[in-house]
Amino acid sequence: MTSENITTGPVDGRRTAVVTGGARGIGAAVAVRLARDGLAVAVVDLRERDCARTVAAIVDDGGTAAAFAADVNDETAVAAAVNRIGAQLGAPTVLVNNAGIGGPDAGVEETTTEQWDAVTGVSLRGAFFLTRAVAPHMVAAGWGRIVNMSSISALGDPGRVDYAAAKAGLVGFTKSLALRLGRHGVTANAVAPGFVVSEMTRTTARRLGRSFAEHQRIVAETIPVGRVGQPEDIAHAVSFLVSPGAGFVSGQTLYVAGGPVD
């Protein structure tokens, strides 16, 4: 199936955004929000069919979107996907590197090489491949926005050393991009969510032998605002960072965690 099978409407000069991991969860919420902000959205995930619900939500809301399949850990697949995006939706000038996976809880002693490579490959290597492919379009346009999805785990997580390393790496990557690309009108920032309702946090609840509702209640008691995060909370933050109004914000990590983060 080609990407042209899941698309709608003319681009009409709108800016094009690429959202990786856009099939579900935070990525889907970000894609829908950016479409509401007036961007044409390329929803990228491993399989196009997995993006159908996100694309349909955008289409039903009057927006423009298309699905593109790519393994972000494959540089050839990424380059090909970005070429298809440019041809179909227009050269991308907004990039949200959201794709990521979390392996099973494991300390450094138990983390396998395969697990380390898989987790860091999708989150960190994938962000590098996408950024390298999209940045020339931003430089050519003299304007661009890059948002990398980090996590509060970047501050340290003894049970997920691979995930913590990948998310911390994204913070350094973000600052380097801000320094390098700022003179071209391109900003780069990171968003670091706290507890957000997602398949990953559902998996944690199952591992702890709790219902997801109970798990959310317990976690909410530790969060100053008294509730857990929703994917839309992260989407709001991304929406600001890619907006024209955020042009003087670059190289920053915005913690969206319901309270201060040490």
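Reply: What follows goes from confidence to the sheet, and then to the helices and the annotated domain.

Me: What pLDDT does the chain average, and where is the pLDDT below 50?

Reply: This is a predicted model, and a predictor's confidence is given for each residue on a scale from 0 to 100. Here the chain averages a pLDDT of 93, with 95% of the residues scoring at least 70. Over residues 1-12, however, the pLDDT is below 50, although this stretch has 28 contacts in the model beyond near neighbours in sequence.

Me: In what order do the strands of the sheet run, and which are the edge strands?

Reply: Two strands count as paired if at least two bridges are found between them. In this case 7 strands form an open sheet with parallel pairing, in the order 3-2-1-4-5-6-7. Strand 3 (65-69) and strand 7 (253-256) are the edge strands, since each pairs on one side only, and from one strand to the next the twist averages 20 degrees.

Me: How many bridges join strand 5 to strand 6?

Reply: Strand 5 (residues 144-149) and strand 6 (residues 186-193) run parallel and are joined by 6 bridges; valine 147 stands opposite asparagine 189 in strand 6.

Me: Which strands does helix 4 touch?

Reply: Helix 4 (residues 113-141) packs on the sheet, where it touches strand 1, strand 4, strand 5 and strand 6, and its direction makes about 160 degrees with that of strand 4. Helix 1 (residues 25-36) lies across several strands, including strand 1 (16-20), to which it runs at about 170 degrees.

Me: Which residues does UniProt list for the Ketoreductase domain?

Reply: An unreviewed UniProt entry lists residues 15-194 under "domain: Ketoreductase"; in the model that span is 48% helix and 20% strand, and its end C-alpha atoms lie 29 Å apart.

Definitions and conventions
Residues are numbered from 1 along each chain as its sequence is written. This is a predicted model: local features need pLDDT of at least 70, side-chain atom pairs count only at pLDDT 80 or more; totals for chains, interfaces and linings use all residues. Side-chain values use heavy atoms; hydrogens and water are left out. UniProt positions are given in the numbering used here, feature names are shortened, and annotations may be inferred rather than shown by experiment. Helices (H or I, at least four residues) and strands (E, at least two) are DSSP runs, numbered from the N terminus. Axes are lines fitted to C-alpha atoms, for helices over the stretch in contact, and angles run from 0 to 180 degrees between N-to-C directions. Contact means heavy atoms within 4.5 Å.
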